[in-house]
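Here is a friendly briefing to read beside the model. Please have the sequence and the 3D view open as you go.

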Amino acid sequence: MIEGFMSLLLFQLFGEAIAHLAHWPVPGPIIGLLLLLAWAGLGGRLGSSGEQVARGLLANLGLMFVPVAAGILFQLRSLGGAAWHVAWIVVVTTAVTLVATAATFTVLSRWTAKESE
Amino acid sequence: MNPPPIFDLWVFLKAKPLLWLVLTLGAWVMARRLQDAAAGAAWANPVAGASVLLGSVLWLTNTPYEEFFAGAQFVHFLLGPTTIALGVTIIEHGAAVRRQLIPVVGALLVGVSVSVGCTWVLCHLVGLPADITMSLLPKSATAPVAMSVSESIGGIPSISMCAVLLTGVTGAVIVTPLFNLCRFGNWNARGFAAGLTAHGIGTARAYQVSNEVGVYAALALALAALVQGIVLPLML
């Protein structure tokens, strides 16, 4: 278990190092995730221990957002009068983005399915 | 007169990270049970439930957020390795994802443009100040990306954080009823949209549906973070 956890942290560490050296605004863990995908593309494996830890963490993915999300009320206060505008703009654009993304994906995947026939 | 012992105990425990760590995990377990009891209903999203529960405890006990975070940071730290862990499931479904390359790239570009463009237009119509508008633009990106992008385009990181969380929770709660209403039957498309729009919180929602749907959400989360992290600072 510790071995698997360490290999996940190792990818994160490399990701953080690259983000820092390249001065990218992309966070280290995202770069670490891409490094892992590249590693797998080259035929590398994470090992069964790593996969086991990964599954355990992913089963509780939502938990990891709770510490920051619990402070949302504290942050809303800092918006003052603009809070209501921000709230409805967020709700509307979230709905529009969801529909636009899913619709594009659906149409394109139907189109590619037809092309390959 | 001495204060009652229970008060003394509270003052003692409140200053320790352990209490807040236990409460954070406890709130999560309770919120998960609540969702199970509600037969997995969308409104009973565990991220929203646990956050409201903890937020209320902090508010009722007049606890500063920093004191709470001293304990909750141990959970917060796991966000990093969990992001890497998303890669494990993407690899497992790698062959299926590669066959969907065109829909993935197309939906990525359309989704990010719609998110940023629509937010910009609405903020201007309402006449929000420029710093708030800039803070809202990257709100579909995962929190650390949104905050660093916001800072580099002249927004306020803490407002971006707030918008990101609202977007995530809103997305995770409305995604299923909204897509049922639109009769979208392509589950890969539904997962991808959830991850692109509502980042990690939407991805967590997608993993509750199934591992395969979660994979598309995780992929969208990572790609959208990359696109917004690189393109937005260059554009603005």
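Let's start with B:Leu86: leaving aside neighbours within four places in sequence, B:Leu86 is in contact (heavy atoms within 4.5 Å) with A:Leu33, A:Leu58, A:Leu61, B:Thr203, B:Tyr207, B:Ala218 and B:Leu221. This is a predicted model, in which local features need pLDDT of at least 70 and side-chain atom pairs count only at pLDDT 80 or more, while totals for chains, interfaces and linings use all residues. Residues are numbered from 1 along each chain as its sequence is written, chains are lettered from A and ligands numbered from 1 in the order in which they are written, and side-chain values use heavy atoms, with hydrogens and water left out.

**The nonpolar core**

- B:Leu86 also belongs to the largest nonpolar core, which has 100 residues; B:Phe68, B:Leu86, B:Ile132, B:Phe179 and B:Phe192 touch the most other members.
- A nonpolar core here is a set of buried Ala, Val, Leu, Ile, Met, Phe, Trp, Tyr and Cys residues joined through side-chain atoms within 4.5 Å.
- Buried means under 20% relative accessible area, exposed means over 50%, and partly exposed lies in between (1.4 Å probe, protein chains only).

**Where the two chains meet**

- The interface brings 67 residues of chain A into contact with 93 residues of chain B.
- Between them, chain A and chain B bury about 7,100 Å², with 85% of it on carbon and sulfur atoms; buried area is the accessible area (1.4 Å probe) that two parts lose on being put together, summed over both.
- On the chain A side, the residues that lose the most area to chain B are A:Phe65, A:Leu98 and A:Phe105, together 10% of what that side buries.
- The rule finds 7 residue pairs in polar contact across the interface of chain A and chain B, both residues being at pLDDT 80 or more.
- A polar contact is a pair of N or O atoms within 3.5 Å; within protein, one must be able to donate a hydrogen and the other to accept it, and residues adjacent in sequence count only if both atoms are side-chain atoms.
- The side of chain A that touches chain B draws its largest share, 25 residues, from α6(A); helices (H or I, at least four residues) and strands (E, at least two) are DSSP runs, numbered from the N terminus.
- By class, that side of chain A has 49 nonpolar, 15 polar and 3 charged residues.
- In this count, Ala, Val, Leu, Ile, Met, Phe, Trp, Tyr, Cys and Pro are nonpolar, Asp, Glu, Lys and Arg are charged, and the others, Gly among them, are polar.

**Salt bridges**

- The structure holds 4 salt bridges over all chains, each being a side-chain nitrogen of Lys or Arg within 4 Å of a carboxyl oxygen of Asp or Glu.
- Across the interface of chain A and chain B the rule finds 1 salt bridge.
- The side chains of A:Arg55 and B:Glu92 meet in a salt bridge at 2.9 Å, N to O.
- B:Glu92 lies in helix α5 (residues 79-92) of chain B and A:Arg55 in helix α3 of chain A, so the pair joins two chains.
- Both partners are partly exposed, A:Arg55 at 38% relative accessibility and B:Glu92 at 43%.
- A:Arg55 also forms a salt bridge with A:Glu51, the closest N and O atoms being 3.9 Å apart.
- Because A:Arg55 and A:Glu51 are 4 residues apart in helix α3 of chain A, about one helical turn separates them.
- A network of salt bridges links A:Arg45, A:Glu51, A:Arg55 and B:Glu92.
- Within chain B, B:Lys14 pairs with B:Glu67 in a salt bridge, with the closest N and O atoms 3.0 Å apart.
- That pair links distant parts of the chain, 53 residues apart: B:Lys14 is in helix α1 (residues 5-14) and B:Glu67 in helix α4 (residues 65-77) of chain B.
- B:Lys14 is buried, at 17% relative accessible area, whereas B:Glu67 is partly exposed at 26%.

**Individual residues in chain B**

- B:Ile102, in helix α7 (residues 101-126) of chain B, is partly exposed at 43% relative accessibility.
- Not counting residues up to four places away in sequence, B:Ile102 touches A:Leu108, A:Trp111 and A:Thr112.
- B:Thr142 sits in the loop between α8 (130-136) and α9 (143-152) of chain B and is buried, with a relative accessible area of 11%.
- B:His199 lies in helix α11 of chain B, is buried at 2% relative accessible area, and has a phi near 35°, a positive value in a residue other than glycine.
- B:Arg183 has a positive phi of about 55° although it is not a glycine; B:Arg183 is in the loop between α10 (157-182) and α11 (187-209) of chain B and is exposed at 75% relative accessibility.
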